[in-house]
Amino acid sequence: GIASFLRWRDWGPGKIPVFFTLLAYIALAERNISARYLLDFLLFIFFAIVQSALGYVVNDWGDRKIDRLHGKKNAFDHHPGSAGLLRLSLLACIALLSGLPFVLRPIFLPLWAGWIFITCAYSLKPLRLKERGIWGLGVSSLAQWTLPMLIAFSAMERFGHGDMAVFAIANSISGATLEIAHQRHDRTKDLSTGTETFGARVVPKKLDRLY
């Protein structure tokens with residue numbers, strides 16, 4: 001189904017409530033409960049859902065071969081070749097449209113463009129940073145938590161305040177922790193296929209201490 005292809009269970013329950021909370025906080029901080037803010041709120045939640053889905057599906061596209069070797073589920077298991085590429089292209093078009101309401105907000109466009117670049121660089125060749133040790137760990141946290149926080153503050157026109165830094169730092173640390181946990185879980189499989197993630201390069205005791 002669509003939810004399975006978009007990998008909703010892998011990111012929806014963990015990410016979308018964070019954005020609901022963040023946007024509710026901004027409404028309180030700005031003392032803004034106007035109809036325009038409510039519309040922006042709903043549009044941004046849709047934007048966050050589509051961008052999150054795109055990030056995970058792009059990662060699955062880059063992981064097709066490795067996931068088969070690992071015996072892991074992949075969004076393209078039942079949509080190989082051109083059928084899968086067509087679905088990915090359609091999702092990318094929807095993701096592009098979802099960001100249009102915010103492109104004139106200060107800093108939004110360069111932040112969004114940066115997110116798109118590092119998301120692709122993390123998952124896809126020739127860069128595929130997820131297999132470049134500590135770079136993969138840092139970029140994953142940046143793509144999944146740091147930039148999305150900054151993008152949300154930009155879209156809601158509260159970019160540059162001190163609370164933005166607090167949210168970005170806290171969520172970056174949390175995101176890095178989750179990524180380390182994920183790499184700890186996949187360490188044995190990554191070693192078996194020569195996938196040089198940070199978790200595969202570091203000895204287990206050091207990885208456990210860092211976690």
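## Basis of the description

Helices (H or I, at least four residues) are DSSP runs, numbered from the N terminus. The structure is a predicted model, in which local features need pLDDT of at least 70 and side-chain atom pairs count only at pLDDT 80 or more, whereas totals for chains, interfaces and linings use all residues. Residues are numbered from 1 along each chain as its sequence is written, and side-chain values use heavy atoms, with hydrogens and water left out.

## Packing of helix 6 against helix 7

The axes of helix 6 and helix 7 come within 9 Å and cross at roughly 160 degrees. Axes here are lines fitted to C-alpha atoms, for helices over the stretch in contact, and angles run from 0 to 180 degrees between N-to-C directions. Angles under 35 degrees count as roughly parallel, over 145 as roughly antiparallel, 65 to 115 as roughly perpendicular and the rest as oblique; helix 6 and helix 7 are therefore roughly antiparallel to each other. Their crossing is left-handed, a term used if the near helix is turned anticlockwise from the far one by less than a right angle, with right-handed used if clockwise.

Contact means heavy atoms within 4.5 Å. On the helix 6 side the contact involves Phe108, Leu111, Trp112, Gly114, Trp115, Ile118, Thr119 and Tyr122, and on the helix 7 side the residues include Gly136, Val139, Leu147, Pro148, Ile151 and Ser154. Serine 154, found in helix 7, is buried, with a relative accessible area of 1%. Leaving aside neighbours within four places in sequence, serine 154 is in contact with Arg105, Pro106, Ile107, Phe108, Leu111 and Phe159.

## Packing of helix 3 against helix 5

Helix 3 and helix 5 pack with their axes 9 Å apart, at an angle of about 150 degrees. The two helices are therefore roughly antiparallel to each other, and helix 3 passes helix 5 in a left-handed crossing. Among the residues making this contact are Phe46, Phe47, Val50, Leu54 and Trp61 of helix 3, together with Gly81, Gly84, Leu88, Ala92 and Gly99 of helix 5.

## Nonpolar cores

A nonpolar core is a set of buried Ala, Val, Leu, Ile, Met, Phe, Trp, Tyr and Cys residues joined through side-chain atoms within 4.5 Å. The largest such core has 47 residues, and those with the most contacts inside it are Leu23, Phe44 and Met156. Two or more residues each are given to this core by helix 2 (8–30), helix 3, helix 5, helix 6, helix 7 and helix 8. Helix 3 supplies the largest share, 13 residues. Another core, of five residues, lies apart from it and includes Leu137, Ile180, Phe198 and Leu207.

Beyond its neighbours within four places in sequence, phenylalanine 44 is in contact with Phe19, Leu23, Phe102, Ile151, Ala152, Ala155 and Met156.

Isoleucine 107 lies in the loop between helix 5 and helix 6. Although not a glycine, isoleucine 107 has a positive phi of about 75 degrees, and this residue is partly exposed, with a relative accessible area of 40%.

The loop between helix 6 and helix 7 contains proline 126, which is joined to lysine 125 by a cis peptide bond with omega of about 15 degrees. Arginine 128 lies in the loop between helix 6 and helix 7 as well; its phi is near 40 degrees, a positive value in a residue other than glycine. Arginine 128 counts as buried at 7% relative accessibility. Lysine 130, also found in the loop between helix 6 and helix 7, counts as buried at 12% relative accessibility. Not counting residues up to four places away in sequence, lysine 130 touches Asn59, Asp63, Tyr122, Gly136, Glu196 and Thr197.

Technical notes. Buried < 20%, exposed > 50% of the residue type's maximum accessible area, 1.4 Å probe, protein only.
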